[in-house]
Amino acid sequence: MSAIPTLEQLHALDPKQQPTYPDAGAVDTAVARLRTAPPLVFAGECDDLTEKIAAVSRGEAFLLQGGDCAETFAGVTADNVRNKLRVLLQMAVVLTYAASVPVVKLGRLAGQYAKPRSSDMETRDGVTLPAYRGDAVNGYDFTPEARIPDPQRLVEVYNNSAATLNLVRAFVTGGYADLRQVHTWNTDFVQNSPFGQRYEAVADEIERALTFMQAIGADPDEFHRVDFHSSHEALLLEYEQSLTRIDSRTDAPYNVSAHFVWIGERTRQLDGAHVELLSRIRNPIGIKLGPTTTPDDALAYAARLNPDNTPGRLTFITRFGAGKIRDGLPALVEKVTAEGLNVAWVCDPMHGNTFEASSGYKTRRFDDVIDEVQGFFDVHRSLGTWPGGVHVELTGDDVTECVGGGEEIDEAGLANRYESVCDPRLNRVQSLELSFLVAEMLRKA
């Protein structure tokens, strides 16, 4: 890790999935503003997360990473942020209590505003416009004005991320994340959901345990607050590079836009700009590995992104699809393990299981999501390695975007509350159901 590469150096590497801005001067103005903006996270917090992920890589903890596919500026409200945090806290409680393992909580929030797309353009009814690339780039409305990439939106990403992090920090330190709130997180949920009722039974047991601890005079700080970290895909180079700073304590570069950033499946070219930028920073980082990844690719990424083999520095997030994970994952894990590499293995069971419903909605089957997680656990159990975590797109709201699950949402029901601007997310019931099923897998692991 050394000096921060300049934007000119990064653009010389032909970066993928970048917007084409019509006004270079406006880009310069936005970048200059971001360069002087205060950090959204601190280097010490990033180091703390690296230590936690090191425990994951050793098999001593489990990583729960979740949040929106693509955040929107309109979604930055206290209710929305609280609902996402609430479902992640509930999932973490289920996993911690049912599987007796510490859970590292990592939100896919406060920066997840940009999305890679399979095509630069979108055509509707004979009209062709630039594709929507997330609120960080352009607007969702299908009009020429909305779809023009606007670099001022990068400054809005920063401002909205700051607002989101302020809310999250207030919730997790101000009493909302107190374990004595386990029932409160469920009050609007238990009435009509079997998984809400199952959660309530866990909450009863936790409450009895807390009452016992209090009776013997034990009341540690961990009961009253949680460590919660932010993450997003490091996609837009202008944003990520301008928020990469030299830490005054260590003289090392950190990306101060999030605690954890990852490289996506479409931008993981070994000699590309995204690998180059993230190879220089000291944050814990991830890289998505899909079914085209070879074992030698995995070794090359580790050599480039974690040359010192630092525990907790590198997470491999696998996204194979339910039908491919049992065949594709073993060779990667075997070779990485044989080389003695320190990596945390995390399963993204969402992105390899997307299809278009008969109604035209992009969706995922809950059973496919669970099957991919089960395959991930099966592979690691057969190899004697640790299934380190799950990375899921979810929301704390009662949307209808993924079919199946305990609510038995069918393809016709997707239209009821399909709110995602990009990929389908698990709703609150499906997310809680997932946590119980993963907890059972963890107990066996």
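Modeller: In this predicted model, Glu265 sits in the loop between β8 and α9, and at 22% relative accessibility it counts as partly exposed, since buried would require under 20%. Its side chain makes a polar contact with the side chain of Arg268 at 2.9 Å, and, leaving aside residues up to four places away in sequence, Glu265 touches Lys288, Leu289, Gly290, Pro291, Thr292 and Arg319. Two of these, Lys288 and Leu289, bring us to strand β9, residues 285–289. Five of the five residues of this strand are buried, so β9 is largely enclosed by the rest of the structure. Both of its faces are covered, with Ile285, Ile287 and Leu289 on one side and Gly286 and Lys288 on the other; in a regular strand the side chains alternate between the two faces of the sheet.

On one flank, β8 (residues 260–263) runs parallel to β9 and is joined to it by three bridges, with Ile263 standing opposite Ile287; the chain passes from β8 through helix α9 (residues 273–280) to β9 in a right-handed β-α-β crossover. Strand β10 (residues 314–318) is also parallel to β9, through five bridges, and there Ile317 is the bridge partner of Lys288, while β9, helix α10 (residues 295–305) and β10 form a right-handed β-α-β unit.

Arg319 lies in the loop between β10 and α11, and its contacts include Glu265, Lys288, Asp348, His351 and Glu372. An unreviewed UniProt entry lists Arg108, Glu265, Arg266, Lys288 and Arg319 under "binding site".

Technical notes
Residues are numbered from 1 along each chain as its sequence is written. This is a predicted model: local features need pLDDT of at least 70, side-chain atom pairs count only at pLDDT 80 or more; totals for chains, interfaces and linings use all residues. Side-chain values use heavy atoms; hydrogens and water are left out. Buried means under 20% relative accessible area, exposed over 50%, partly exposed in between (1.4 Å probe, protein chains only). Helices (H or I, at least four residues) and strands (E, at least two) are DSSP runs, numbered from the N terminus. Two strands pair if DSSP finds at least two bridges between them. A crossover is right-handed if, with the strands pointing away from the viewer, the path from the first strand over the helix to the second runs clockwise. UniProt positions are given in the numbering used here, feature names are shortened, and annotations may be inferred rather than shown by experiment. Contact means heavy atoms within 4.5 Å. A polar contact is a pair of N or O atoms within 3.5 Å; within protein, one must be able to donate a hydrogen and the other to accept it, and residues adjacent in sequence count only if both atoms are side-chain atoms.
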